[in-house]
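Hi everyone, thanks for coming.

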Amino acid sequence: MSRSTGSPRISVRNAQRKISVNIGELESFAANAVDRCLQLRKQSQTDLRKLREVFIWLISDPRMALLHRKFRRESGPTDVLTFQHGEIFISVQTAQRHARAFGNSLMRELKLYIVHGLLHLHGFDDQTTADARKMKTAQEKVLRCAAE
């Protein structure tokens, strides 16, 4: 697998035990997705290239709910939380529920969340309708290209 100059190292860690996940496949996908994200024009001062490493943590709903309350002051679990110093937390249980609801496989849903987190690290935001639309377009492009 070729890596772009300036790409951060990717580590995927499974810190939950309820749902079996292929970490190797996700790590390989995430490495390709980083390279694809870096080909996009960054949206702000935030730049994925400045990070040496990105840690993707697969966690449970209870742990995600704690993080969500602590850092976003919102109750209950969410799907993905991204921290600008290079950590992406993904709730595998929430991903599984969303995958069923949207007719996706769990792996596709997890890959979507990885791309979503990487785009946040690259300066994309989804707080306004226009920004969310740009981010969704970029997400679909990265998902499609990284899977090749």
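I'll go through salt bridges, pair by pair.

A quick note on the source: this is a predicted model, where local features need pLDDT of at least 70, side-chain atom pairs count only at pLDDT 80 or more, and totals for chains, interfaces and linings use all residues. Residues are numbered from 1 along each chain as its sequence is written, and side-chain values use heavy atoms, with hydrogens and water left out.

So, how many salt bridges does the structure hold? There are five, a salt bridge being a side-chain nitrogen of Lys or Arg within 4 Å of a carboxyl oxygen of Asp or Glu.

Let's take glutamate 25 and lysine 111, whose closest N and O atoms are 3.0 Å apart. Glutamate 25 sits in helix H1 (residues 23-38) and lysine 111 in helix H4 (residues 106-121), so this pair ties together parts 86 residues apart in sequence. Helices here are DSSP runs of H or I, at least four residues, numbered from the N terminus. Lysine 111 is buried at 16% relative accessibility, while glutamate 25 is partly exposed at 34%; buried means under 20% relative accessible area, exposed over 50%, and partly exposed in between, with a 1.4 Å probe and protein chains only.

Next, arginine 97 and aspartate 61, with closest N and O atoms 2.7 Å apart. Here helix H3 (residues 92-102) holds arginine 97 and helix H2 (residues 61-72) holds aspartate 61, so parts 36 residues apart in sequence are tied together. Aspartate 61 is buried at 11%, and arginine 97 is partly exposed at 41%.

Finally, glutamate 140 meets arginine 108 at 3.4 Å, N to O.

Conventions
Helix = DSSP H or I, 4+ residues; strand = E, 2+ residues; numbered from the N terminus.
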